[in-house]
Every structure is written in structure tokens, then in C-alpha cells.
Amino acid sequence: MITEKEPGTGLAARVPGSKSLTNRLLLLAAAADGTSTLRAPLVSEDTVAFREALGVSGIPVKSGPDDAFWQVTGTGRGPAGPARPWCADAGTAARFLPPFAATGHGTFLFDGSSQLRARPQRPLIEALRALGADLEPGPGNGLPLLIRAHGIEGGELSVDSSLSSQYLSGLLMAAPLMRRGLQVRTGSSLVSRPYVDMTVALMRRFGARVEESADGTLSVRPGAYDATDVVVEPDASSASYIFAAAAVTGRTVTVPGLGTDSLQGDLRFVEVLGQAGAEVQVGPTATTVSGTGPLRGGFTVDMGEISDTFMTLAAIAPLADAPITIRGVAHARLKESDRVAAMAENLRACGIETSEGKDWITVRPGVPRPTRIACHRDHRIAMSFSVLGLAVPDTISLDDPACVAKTFPDFHDELRRLFTGDATS
Ligand SMILES: O=C(O)C1=C[C@@H](OP(=O)(O)O)[C@@H](O)[C@H](O)C1
Ligand SMILES: C=C(OP(=O)(O)O)C(=O)O
């Protein structure tokens, strides 16, 4: 059940800043004219890679004491090459930085890990080429990607957003630096729409003029962003593990700073937990989840717009009293791992009856047997199964626990503190 009132007095979880918000704010601040301040940024592999990629592109990011804030000094224009930005495993870096670079000048050679090189980049390359950018992609039509930047005219554009919303987000954030701005059509196949809404909301925070017409065309006027001071919300995707752990252990946990005005679509994961029987309270400035007994299954849920949290649900689904089917997640096969296959493989290894299709997975009730989870270097596989391991102690071990550092470096410590220690506040 969900109530919109101030949350109860649950254990206060320490959830780090949002990766999606932090990396957007880094980009927008880099494109703004002046110095912006990002308060409570996420400090993790993805965001450190992003800030270092800006640094080598001539846009310094300075840290305040204990990384309480980062300060970015932008020029109001695209970056100046030459530069070799390293994107590590970060999809947001590989999709947000190239459009920004293309509005600058000089050469930029983007590269990333083998995991990132394996992820689709073609729709972004085709869109930038349509805008007149001079690009040389690698053999797989992705990274490494050479850009000979000479500014971007802009104008009308169609983008294929059926594989990822990140291409559109990257193009939109660069649009004010394009000489004629951008009028972009996304078509009906756009996935992960909440992330595009996040992009537009933050662009407006930095002074951009963005309009959406009835047919879904997004129009962005040219004109530099204004430097801004922003507080980063805690990461709603990271919070999903904390909320799920409360639901399956019977504890009550509150995440301060994640409330009804959140820009993050993944907070809607708590609605799914409510459907499964947890007690959920979403307040203006905090969200609380309480476990109220065995999980209630017997439903199908489309998690296409919040696909980063589908693994959190799939991992605890064996604890429900009836099967749970998750749909709309075909694009989750193209992320840090083929996430539908990875969840099915690991659940079956646990002895849980699991079936899957192109865009769906069905998990049946069962008691997991001791299993070493194959994380596939995917932080969300590691974190999701760690929650199952809380509910069924001495069952789950991970082949790569450290991969959580991509977005939640203190994950294992925080899970222990909240759910196995005697945390009282
Ligand atoms: O724009 C973003 O910040 C993100 C968009 C989503 O990717 P897709 O748009 O590829 O689904 C999500 O999976 C990712 O963790 C972050
Ligand atoms: C898909 C993810 O990240 P990214 O696309 O930013 O690498 C994620 O964090 O689950």
C-alpha cells in the first residue's frame, strides 16, 4: 500500500548521489558559461570517469572538502581538442560526451572498456553524421570513436531511441550549443522516457529553452547555459536495493532526500514493492518502506521505463507466494550485461524455476540453494542478488562483489550496517 504522507521513523539509509543526475549536471555545467556547483555528487567509477573525461577536454572539475561538492567551470561553448576522453564502463559518458565534443573544435578520440565497446553506439553516430559531424567509429560502429569537431549547425533531426534513451539525452544537452539549436523527433519507440524528462528538466534548470510539441518533437533554442548551483538527489536506482531489503527482511528503512518531487523515474520501483505487499510512504522529502510479511506475487508488471530496477524485483521474486512476470525489458539486454539472460541464468543456478522471452522474464516461488552468482561485471546483478542473500542467509556469494563501485561503492557496507548490524539510526 502507498500513502503520500511524511514517512515513518525508519532506519535512515545512506544512499549516495544519483549517477544519472551527477553526470548530466557535469555535462551541463561544462557547457555553461561560468562556474557551477554540484552539491552531494555521486563519487563512483562512472562519475569520476565522466569528470576526468571533461578534465582532459579542457574543463576542470574541482572537489570541495570530502567531495561534499564539485565545482565545474565551463566556457559556454563546446570543448577544444585534441583530447582522448576515457569513458570506462559508463554508458552516460559514451552517449553524452560525443555530442558535446562535436559542438567544439579539434579532434576527440573517445574510448572505453571492452564492456562499453560492446554496447550499441550506432544510433548516436548516425544522428551526429546527419548533423554534419565528421566521425570515424571503431570496427563495431562504436567505440573507439574519433570526432574531428568543427561545430554543429543543428536543425531538424530524427533519432532512433529504441535501444537507449541516452543518445537523445546527449543530443538534447548539446543542442543549445548548436548554431540553429535542434528540433528532434523521437518516434514511438523511445525507451526509458523518464530519463529524457530528467534531461529536459535539468536543461531548463540551466536556462535552456526546450519545448515539446503534441507530436513529441522536442525543440531546443540556441544559447549558452547559465552556471547554476544544484543539490544532487540520492540515487533512486541504488535505493531500490535498500527498499527491497526492507521489504524482504521486515525492517523499516527511510531514504531522506528522495521524495515526491524527485526527477528520477526509478523511485517508482516502490510502487512495485507496494504491489508485492510492502508498506510504502512517499513524502515530499523522504521515502520509507516497511516489510509486512511474505511477498505477494501473482502479477505481471511492465518495467520498461524503470528497467534498471527490474533485476531488484526479479532477485526477490522467488520469495513471493506466486509467480511474478516482468515485461518491457528487451533493452536491458544491451547494458552492462544481457540483464534478462544474466538474471535467468543465476536464478536457475539457485534452483529457481525461471522462464524468459525477448523482453520478459517470469520467476516462480522457491527457496534458493547456495549459489555463487555470476555478476558479468554488472553492478546491478551483484546488488540485486545481495538482497536475496539477506533474506536467505549463507546462500548467495558473488564472483565479483567489487563491481558495485560503478555506482554504489559503499553498497556492501551499507547493506550490512542496515540489515545485519544493530543499526539504530
Ligand atoms: O540516461 C541515463 O542516465 C540512463 C538511462 C538508462 O539507460 P537506457 O536509456 O539505455 O535505458 C539507464 O539504464 C541508465 O542507468 C542511466
Ligand atoms: C545501464 C546503466 O548505466 P549506464 O548505461 O549509464 O552505463 C546502469 O547504471 O544500470
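# Close-up views of the ligand sites and backbone features

**Figure 1. Ligand 1 lies between domain 1 and domain 2.** In this predicted model, domain 1 (19–221) and domain 2 (236–419) both contribute residues to the shell around ligand 1, so the ligand is placed between them. The shell holds 13 residues, and the closest of these are S20, S165, S192, D308 and K335. By class, 2 of the shell residues are nonpolar, 7 are polar and 4 are charged.

**Figure 2. Side chains of K19, R24 and S164 approach oxygen atoms of ligand 1.** An N or O atom in the side chain of K19 is 2.8 Å from an oxygen atom of ligand 1. For R24, a polar side-chain atom lies 2.7 Å from an oxygen atom of the ligand. For S164, the distance from an N or O atom of the side chain to an oxygen atom of ligand 1 is 2.7 Å. Ligand 1 taken alone exposes 390 Å², of which the protein buries 96%.

**Figure 3. Helices α1 and α3 in the shell around ligand 1.** The space that ligand 1 takes is the largest cavity. Two or more residues of the shell come from each of α1 (19–31) and α3. The element that gives the most is α1, with 3 residues.

**Figure 4. Ligand 2 also has a shell drawn from domain 1 and domain 2.** Residues of domain 1 (19–221) and of domain 2 (236–419) are both found in the shell around ligand 2, so this ligand lies between the two domains. There are 14 residues around ligand 2, and K19, G91, R119, R380 and K406 come nearest. The shell of ligand 2 divides into 1 nonpolar, 4 polar and 9 charged residues. Helices α3 (91–102) and α12 (379–391) each supply at least two residues of this shell.

**Figure 5. Side chains of K19, Q166 and D308 approach oxygen atoms of ligand 2.** A polar atom in the side chain of K19 is 2.9 Å from an oxygen atom of ligand 2. The side chain of Q166 has a polar atom 3.0 Å from an oxygen atom of the ligand. For D308, an N or O atom of the side chain is 3.3 Å from an oxygen atom of ligand 2. On its own ligand 2 exposes 300 Å², and the protein buries 98% of that area. The space taken by ligand 2 is the largest cavity.

Figure 6. P82 is in the loop between β5 (69–75) and α3. P144 belongs to the loop that runs between β7 (134–136) and β8 (145–150).

**Figure 7. S192 has a positive phi.** The phi angle of S192 is near 55 degrees, a positive value in a residue other than glycine. S192 is located in the loop between β10 (182–185) and α7 (193–205).

Technical notes. Residues are numbered from 1 along each chain as its sequence is written. Chains are lettered from A and ligands numbered from 1 in the order in which they are written. This is a predicted model: local features need pLDDT of at least 70, side-chain atom pairs count only at pLDDT 80 or more; totals for chains, interfaces and linings use all residues. Side-chain values use heavy atoms; hydrogens and water are left out. A residue is near a molecule or strand if one of its heavy atoms lies within 4 Å of it. A polar contact is a pair of N or O atoms within 3.5 Å; within protein, one must be able to donate a hydrogen and the other to accept it, and residues adjacent in sequence count only if both atoms are side-chain atoms. Accessible areas come from the Shrake-Rupley method with a 1.4 Å probe; for residues, only the protein chains shown count as cover. On a 1 Å grid over the protein atoms alone, a cavity is a set of points where a 1.4 Å probe fits but cannot get out, and a pocket is an open set with protein on both sides within 12 Å along at least five of seven lines; lining residues have an atom within 4 Å of a point. A molecule sits in a cavity or pocket if more than half of its atoms lie within 2 Å of its grid points. Helices (H or I, at least four residues) and strands (E, at least two) are DSSP runs, numbered from the N terminus. Ala, Val, Leu, Ile, Met, Phe, Trp, Tyr, Cys and Pro count as nonpolar, Asp, Glu, Lys and Arg as charged, and the others, Gly among them, as polar. Domain bounds come from an automatic or database domain assignment.
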